[in-house]
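Colleague: Let's go through this model together, please.

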Amino acid sequence: MSIPTGAGVFDAIAAGPPEGRPVLLLHGFPQTGLVWQRQIEALAAHGYRVVAPDQRGYSPRARPPRPEDYGIGRLVDDVVAISEELGWAAFDLVGHDWGGAVAWWTAHAHPGRVRTLTVVSTPHPGALATTLRTDQDQRTRSRYMIDWRDTPATEERMLADDARELREFYAGRVPQDSADAYVRHLSRPGALTAALNWYRAGRPDGPIGVVDVPTLYVWSTEDSAFGPAAAQETGRWVNGPYRFETLQGVSHWIPEEAPETLSRLLLEHLRAQGEH
């Protein structure tokens with residue numbers, strides 16, 4: 001489906017009955033809404049109305065040119081605009097990787113709209129900031145973000161040799177057909193630059209506080225980007241009902257590497273916070 005907003009038109013995958021309880025799923029880098037394919041199927045089969053948009057920059061018709069157009073405030077505004085266009089006064093919000101960061105900020109800024117929050121891999125931004133100051137392991141894990149922001153040739157390097165570096169991110173943990181689809185999508189003119197602009201947009205305008213909505217946080221022990229210190233610290237930033245699940249031996253790509261487990265946890269979380 002296509003979702004027109006004041007910021008542009010967002011492409012999206014949608015499933016489930018129109019009258020079902022609404023769930024919005026936000027992807028991260030370097031993927032698209034396709035990352036949620038298995039969760040979309042599971043949620044729709046249980047009567048939920050599920051929408052997974054290609055976010056700002058990933059949707060060709062919502063791709064502003066400047067890095068500053070990808071600040072966290074703009075990304076949160078996109079979530080609100082999409083939900084309003086869908087007619088959703090309140091919805092369950094799910095995010096992975098960068099989508100998880102946007103989900104944390106949205107739940108903090110608009111708690112009245114977010115019925116429940118599920119974040120996969122990404123710690124609360126406040127927890128990540130704390131561990132970047134106090135934990136050498138997390139500082140080491142996060143160095144790639146500085147490189148991607150400061151190196152203009154990042155796109156050229158990632159796409160060279162049939163996108164060899166981009167393909168290496170998936171490390172055999174993502175189904176090959178999905179990896180191929182992501183590479184095709186990000187190889188189109190301007191797409192990878194737009195995706196990297198999320199990293200180049202600069203710091204948020206202000207701090208983020210605790211989240212009050214019911215929250216499920218799913219982290220995996222083989223995540224290369226987010227270490228155990230930030231994962232454990234995240235609980236300190238949630239005041240509402242909180243569930244923390246650790247997946248042993250699973251990499252950063254949880255939605256595709258452990259789809260059945262994630263779908264089960266997500267359904268349990270949604271059911272625990274009210275039926276349709």
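Colleague: By class, what residues make up the lining of the largest pocket?
Modeller: The lining holds 21 nonpolar, 6 polar and 7 charged residues, where Asp, Glu, Lys and Arg count as charged, Ala, Val, Leu, Ile, Met, Phe, Trp, Tyr, Cys and Pro as nonpolar, and the others as polar. This is a predicted model, in which local features need pLDDT of at least 70 and side-chain atom pairs 80 or more, while totals for linings use all residues. Residues are numbered from 1 along each chain, and side-chain values use heavy atoms, without hydrogens or water.

Colleague: What volume does the largest pocket have, and which residues are closest to its centre?
Modeller: The volume of the largest pocket is about 990 Å³, and of its 34 lining residues, Leu-128, Leu-132, Met-145, Arg-203 and Pro-204 are the closest to the centre. A pocket is an open set of 1 Å grid points where a 1.4 Å probe fits, with protein on both sides within 12 Å along at least five of seven lines, and lining residues have an atom within 4 Å of a point; the volume is the space filled by probe spheres on those points.

Colleague: Which helix gives the most to that lining?
Modeller: H4 does, with 6 residues, while H3, H6 and H9 are among the elements giving two or more; helices are DSSP runs (H or I, at least four residues).

Colleague: Changing topic, where does H7 bend?
Modeller: H7 bends by about 120° at Asp-162, as the angle between axes fitted to the seven residues ending there and the seven starting there. Just after H7, Ala-171 has a positive phi of about 50°.
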